[in-house]
Amino acid sequence: MPKEQANWSPYDNNGGSCVAVAGADYCVIAADTRMSTGYNILTRDYSKICKLADKCVMASSGFQADVKALQKHLAARHLIYQHQHNKQMSCPAMAQLLSNTLYYKRFFPYYSFNVLGGLDNEGKGCVFTYDAVGSYEKVGYSSQGSGSTLIMPFLDNQLKSPSPLLLPAQDAVTPLAEAEAIDLVKTVFASASERDIYTGDKLEIVVINADGIRREYMDLRKD
Amino acid sequence: MFRNQYDTDVTTWSPAGRLFQVEYAMEAVKQGSAAIGLRSKTHVVLGCVNKANSELSSHQKKIFKVDDHIGVAIAGLTADGRVLSRYMRNECINYSFTYESPLPVGRLVVQLADKAQVCTQRSWKRPYGVGLLVAGLDESGAHLYYNCPSGNYFEYQAFAIGSRSQAAKTYLERRFENFTDSSRDDLVKDAIMAIRETLQGETLKSSICTIAVVGVGEPFHVLDQGTVQQIIDTFETAAEQEDPATEPDAATGQEAAAEQGTAADQGGSTDEGAAPMDI
């Protein structure tokens with residue numbers, strides 16, 4: 001007897017793309033603001049970016065209900081950390097926490113594709129990229145979401161990071177200046193919006209550097 | 001006082017209808033170093049005396065941030081206080097998570113009181129030996145509560161607990177009618193002066209006391225030593241009189257406090273020479 005299939009799925013994909021680029025003393029995290037379901041648009045103005053700690057920001061695409069739950073969970077854990085340690089969580093610490101949180105639901109995962117960006121304890125930019133169940137890696141740049149197949153090759157071309165397998169170990173962070181990195185991100189999203197139907201409307205860019213966190217917006221194609 | 005016959009465990013009543021173990025727990029609160037709280041319509045200030053076991057050790061932490069809008073000062077068994085603070089923090093986080101809004105203080109103190117009551121009615125437990133002054137802000141304004149080991153709680157305009165708290169209470173009783181409309185800075189000054197009453201002669205310096213504030217537009221935070229020392233200096237120089245320092249003075253003083261804070265600290269330490277290790 002053929003296996004019975006479920007006639008209902010607990011998941012949905014709300015589309016969208018996220019990108020993060022690490023620099024020597026800054027980090028750029030960007031995501032579009034379109035939220036869709038199937039071939040319909042739910043809203044043109046939904047933020048996929050969440051500030052988890054002073055110097056740590058997460059952008060997530062996928063199923064936004066799971067993303068929201070994940071963000072709330074991490075925010076609560078961060079509050080507990082602050083009570084216990086009297087300081088903010090560092091980006092690498094948050095990266096590990098996110099990984100553990102995702103793997104905790106290994107057998108009913110958060111349908112959330114994340115990129116974590118921020119400054120490490122020395123003030124250098126760092127980006128961590130994840131799959132849905134918590135496998136993660138520190139990288140110089142990354143993209144996730146519906147447009148990632150279009151975006152990633154372009155970032156590889158422009159920011160070619162030396163392989164982490166090379167010896168001696170080389171820096172993964174890009175030599176680009178902050179303004180150049182922001183420009184690159186804008187270009188990348190403009191291109192992705194052309195061909196990915198789930199990416200568009202508006203681009204939200206968050207920049208973290210020694211001065212703090214700053215937010216920028218840019219219009220994208222609305223079709 | 002001979003009352004040893006009915007005080008073996010908390011589940012035994014005395015013929016006079018008292019639970020001695022609970023009363024002994026309240027004694028533990030009276031033995032702890034002083035903590036005071038006072039509130040206006042928009043702000044609540046907590047203060048406590050930092051008692052260190054010896055000159056070599058650090059002083060115990062007696063004021064805890066529970067959430068942005070709630071803080072607590074404790075007197076008595078500080079370990080019990082730490083555990084209860086952790087409970088309060090968890091409750092606030094869980095409520096926030098579920099309802100996306102801050103836990104009303106009134107609800108929190110009831111939960112705390114119920115938790116304390118459980119320990120007065122189980123033979124395998126003992127009452128918490130700590131009194132809590134819970135300061136918080138919610139939609140109905142600024143609140144100050146006192147939670148007893150007995151499981152009772154009361155709301156106060158101003159209160160003091162711990163050793164030599166009667167002196168502070170007398171000071172507060174004389175002035176509480178003015179507190180509702182006090183400015184935030186005057187409230188802080190009154191808190192420090194109330195603390196001074198409990199010191200009974202000891203020199204008042206910022207290393208001896210800890211002050212924390214919560215108010216409208218001001219999340220709960222502990223004032224740094226520099227700021228506190230500045231405020232102490234303003235009224236110490238005005239001698240025994242009511243402090244006439246104007247608000248602009250206090251404001252600019254606090255802005256400069258950040259820079260002068262460390263200098264004042266180090267200056268204070270080397271001058272007095274015996275400030276307890278501050279963590």
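Select helix α2 of chain A and look at what surrounds it: its buried residues pack against β5 (49–53), β6 (56–62), α1 (64–85), β7 (112–119), β8 (125–130) and β9 (136–139) of chain A. Helices here are DSSP runs of H or I with at least four residues, strands are E runs of at least two, and both are numbered from the N terminus. Buried means under 20% relative accessible area, exposed over 50%, and partly exposed in between, using a 1.4 Å probe and protein chains only.

Keep in mind that this is a predicted model, where local features need pLDDT of at least 70 and side-chain atom pairs count only at pLDDT 80 or more, while totals for chains, interfaces and linings use all residues. Residues are numbered from 1 along each chain as its sequence is written, chains are lettered from A and ligands numbered from 1 in the order in which they are written, and side-chain values use heavy atoms, with hydrogens and water left out.

Still on α2(A), colour the buried residues, among them A:Cys91, A:Met94, A:Leu98 and A:Leu102.

Next stop: A:Asn14, in the segment before β1 (17–22) of chain A. Is A:Asn14 buried or exposed? A:Asn14 is buried, with a relative accessible area of 4%. Its side chain reaches the backbone nitrogen of A:Gln64 at 2.8 Å. Contact means heavy atoms within 4.5 Å; beyond its neighbours within four places in sequence, A:Asn14 is in contact with residues including A:Arg34, A:Ser36 and A:Phe63.

Hop along to A:Ser36, which sits in strand β3 (residues 35–37) of chain A. A:Ser36 is buried too, with a relative accessible area of 3%. Leaving aside neighbours within four places in sequence, its contacts include A:Asn14, A:Ile41 and A:Tyr198. Draw a C-alpha to C-alpha line from A:Ser36 to A:Trp8: they are 28 residues apart in sequence and 19 Å apart in space.

Select its lining, including B:Leu84, B:Ala113, B:Tyr128 and B:Asn147. Which element gives the most to this lining? That's α3(B), with three residues.

Notes: Polar contact = N/O pair within 3.5 Å; in protein donor to acceptor, adjacent residues only side chain to side chain. 1 Å grid on protein atoms, 1.4 Å probe; cavity = no way out; pocket = protein on both sides within 12 Å on 5 of 7 lines; lining within 4 Å.
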